[in-house]
Amino acid sequence: MNQSDLQALKIPLLVLLTVVVAGAFAIYFTDRLMKTERRQLVLQQAQLKQAQVRLQKSGDEKDIIVRYLDRFRQFERTGFIGEEQRINWLDGLRLANQQADLFGVDYQIATQKPYPFAAEFNPGQLSLNQSLMQLRFRLLHEGDLLRFFDALARQGAGVFTIDQCLLRRIDNRGVIRYQPNVHAECELSWITVKVGAAAERKNP
């Protein structure tokens with residue numbers, strides 16, 4: 001191969017080299033573009049899955065709300081959810097006293113405090129509180145005590161627990177007539193719940 005032949009091949013070789021380099025760059029950038037597109041696809045698939053989960057969760061939450069809305073509103077009316085409704089409590093005591101046919105009820109309500117056993121119920125965003133109430137009343141016999149608390153629960157004036165009761169026999173010196181024979185002192189915990197933002201404001 002002489003000098004003239006090499007000179008003739010110079011241009012075709014340059015063109016071939018240019019094509020090879022251009023092809024190599026094309027393959028490189030195409031590979032990078034495909035990897036970028038794959039990452040975008042994975043990201044979009046993850047976002048779609050999250051959106052589907054949120055949609056499913058919102059549907060589940062809606063079902064829960066619809067299912068328990070009436071019960072929630074009932075708890076609000078009875079004073080279990082929301083602020084204390086002490087007037088309703090006192091009305092409940094008065095009506096329970098009448099229905100149990102007692103000799104009157106004396107009461108004393110303490111200030112509201114956090115419910116000491118709230119952690120056992122894992123309340124989450126709920127804030128459980130209690131107000132202690134001391135009750136003193138006189139009974140014809142011990143059975144009146146159960147009738148009174150049954151009547152009090154039926155009033156729907158709130159949720160309460162009976163912490164303790166002390167009973168003491170009254171000495172009537174053998175007098176036979178309709179009069180109290182037992183003195184009772186009981187301590188109740190009136191429990192209320194605050195939900196969501198109300199609980200956060202109270203317990204920052």
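The structure is a predicted model, in which local features need pLDDT of at least 70 and side-chain atom pairs count only at pLDDT 80 or more, while totals for chains, interfaces and linings use all residues. Residues are numbered from 1 along each chain as its sequence is written, and side-chain values use heavy atoms, with hydrogens and water left out. The chain has four helices and five strands; helices (H or I, at least four residues) and strands (E, at least two) are DSSP runs numbered from the N terminus.

**Overall fold**

- Along the sequence, the elements follow the pattern α-α-β-β-β-α-β-β-α.
- Of the 204 residues in the chain, 24% are buried, where buried means under 20% relative accessible area, exposed over 50% and partly exposed in between, with a 1.4 Å probe and protein chains only.
- Contact means heavy atoms within 4.5 Å; among contacts between residues at least 6 apart in sequence, 70% join residues at least 24 apart.

**Nonpolar cores**

- A nonpolar core is a set of buried Ala, Val, Leu, Ile, Met, Phe, Trp, Tyr and Cys residues joined through side-chain atoms within 4.5 Å.
- The largest nonpolar core has 22 residues, of which Leu135, Phe137, Phe148, Phe149, Leu152 and Leu188 touch the most other members.
- At least two residues of this core come from each of α2 (86-99), β3 (127-139), α3 (143-154) and β5 (182-194).
- Another core, of seven residues, lies apart from it and includes Phe80, Ile81, Leu128 and Val193.
- In soluble globular proteins, nonpolar side chains tend to be buried together.
- Beyond neighbours within four places in sequence, leucine 152 is in contact with Gly92, Leu93, Ala96, Phe160, Leu188 and Trp190.

**Packing of α2 and α3**

- The two helices α2 and α3 pack at an angle of about 135°, and their axes are 8 Å apart; axes are lines fitted to C-alpha atoms, for helices over the stretch in contact, and angles run from 0 to 180 degrees between N-to-C directions.
- α2 and α3 are therefore oblique to each other, given that angles under 35 degrees count as roughly parallel, over 145 as roughly antiparallel, 65 to 115 as roughly perpendicular and the rest as oblique.
- On the α2 side, Gly92, Leu93, Ala96, Asn97 and Gln99 meet Arg147, Phe148, Ala151, Leu152 and Arg154 of α3.
- The residues of this contact divide into five nonpolar, three polar and two charged; Ala, Val, Leu, Ile, Met, Phe, Trp, Tyr, Cys and Pro count as nonpolar, Asp, Glu, Lys and Arg as charged, and the others, Gly among them, as polar.

**Individual residues**

- Tryptophan 190 is found in strand β5 and is buried, with a relative accessible area of 1%.
- Apart from neighbours within four places in sequence, the contacts of tryptophan 190 include Trp89, Asn129, Met133, Leu152 and Phe160.
- Tryptophan 190 and phenylalanine 80 are 110 residues apart in sequence, and their C-alpha atoms are 8.7 Å apart.
- Leucine 128 is in strand β3 and is buried, with a relative accessible area of 15%.
- Leucine 128 touches, among others, Pro114, Tyr115, Phe121 and Val193, not counting residues up to four places away in sequence.
- Aspartate 101 is found in the loop between α2 and β1 (105-109) and is partly exposed, with a relative accessible area of 44%.
- Although it is not a glycine, aspartate 101 has a positive phi of about 55°.
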